[in-house]
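Morning, everyone. Please have a look at the screen, and then I'll walk you through it.

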Amino acid sequence: MHKYEKIWLVFGIGALIFFLSVIGVSAFYLGNQPPSCLATIDPDKVDQTAPFNEPGLKKVEGKDWDYELVYVAQAFSYTPNEVEIPKGAKVKFIVTTKDVIHGFEVAGTNVNMMVEPGYISEKVATFDKPGEYLVLCNEYCGAGHHMMYSKIKVVDNQ
């Protein structure tokens, strides 16, 4: 075997071991896991299924977050259309869709989920800066996709 072949072989095997180690540390030591699809819902009965029968912001007690914000995505709109959240609130987003795959991105934050019919997507985020945050659909969902948005207003606690 040629000298350069040996170098590339060692480099390739070393890179493979390094990348697998990074994935292993991330998954087992840091606890990073892909989102599971354990939470399901019948897309035809979203309006009759709690908590999606009353979308919006609700204060919760005894959990690791302060509020639960329930959203329903459907053809070119989100329900609710506008929400006010107190500054510093830790919010759990609970999102589903009635029809097709939608995106759920809160611009300027790390909230970014794919919302699929039949599944419930969840993400926890803290809003430390007051202002308006735009919720956008970042998955093409049809002709009115560009009109699909909602607003989250983060207001100072008074």
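One definition before we start. A salt bridge here is a side-chain nitrogen of Lys or Arg within 4 Å of a carboxyl oxygen of Asp or Glu. Please also keep in mind that this is a predicted model.

With that definition, take the side chains of Asp-156 and Lys-87. They meet in a salt bridge, at 4.0 Å from N to O. Where do the two partners sit? Asp-156 lies in the segment after β10, and Lys-87 is in the loop between β4 and β5, so this pair ties together parts that are 69 residues apart in sequence. Buried or exposed, or in between? Asp-156 is partly exposed, at 42% relative accessibility. Lys-87 is partly exposed too, at 36%.

How many salt bridges are there in the whole structure? The search finds 6.

First, Lys-153 with Glu-82. Lys-153 belongs to strand β10, residues 149-155, and Glu-82 to strand β4, so the bridge links parts that are 71 residues apart in sequence. Lys-153 has a relative accessible area of 24%, which is partly exposed. Glu-82 has 44%, again partly exposed.

Next, Lys-153 with Glu-132. Which residues end up in one network? Glu-82, Glu-132 and Lys-153 do, through salt bridges that share partners.

Now the sheet behind those strands. 5 strands form an open sheet, in the order β4-β10-β9-β6-β7, with mixed pairing. Why do β4 and β7 each have a side without a neighbour in the sheet? They stand at the edges, β4 at 82-86 and β7 at 112-115, and each has a single partner strand, so one side of each is left open in that sense. The twist averages 20 degrees from one strand to the next.

One pairing in detail. β6, residues 102-106, and β9, residues 131-136, run antiparallel to each other over 2 bridges. Within this part of the sheet, Val-106 stands opposite Val-135 in β9.

On to the cysteines. How many disulfides does the structure hold? The count is 0. Look at Cys-137. Its sulfur is 3.9 Å from the closest cysteine sulfur, that of Cys-141, which is too far for a bond. The cut-off used is 2.5 Å between the sulfur atoms. Cys-137 is buried, at 8% relative accessibility. Cys-141 is buried as well, at 14%.

Finally, the whole chain. The protein has 1 helix and 10 strands. In what order do they come? From the N terminus on, they run α-β-β-β-β-β-β-β-β-β-β.

What about overall dimensions? The radius of gyration is 21 Å, whereas a compact globule of 158 residues would have one near 15 Å. Along the principal axes, the C-alpha atoms fill a box of roughly 70 × 40 × 30 Å. Of the 158 residues, 30% count as buried. And among contacts with a separation of 6 or more, 59% come from residues 24 or more positions apart.

That's my tour. Over to you.

Conventions:
Residues are numbered from 1 along each chain as its sequence is written. This is a predicted model: local features need pLDDT of at least 70, side-chain atom pairs count only at pLDDT 80 or more; totals for chains, interfaces and linings use all residues. Side-chain values use heavy atoms; hydrogens and water are left out. Two strands pair if DSSP finds at least two bridges between them. Helices (H or I, at least four residues) and strands (E, at least two) are DSSP runs, numbered from the N terminus. Axes are lines fitted to C-alpha atoms, for helices over the stretch in contact, and angles run from 0 to 180 degrees between N-to-C directions. Buried means under 20% relative accessible area, exposed over 50%, partly exposed in between (1.4 Å probe, protein chains only). The radius of gyration is taken over C-alpha atoms; the globule rule is 2.2 Å times the number of residues to the power 0.38. Contact means heavy atoms within 4.5 Å.
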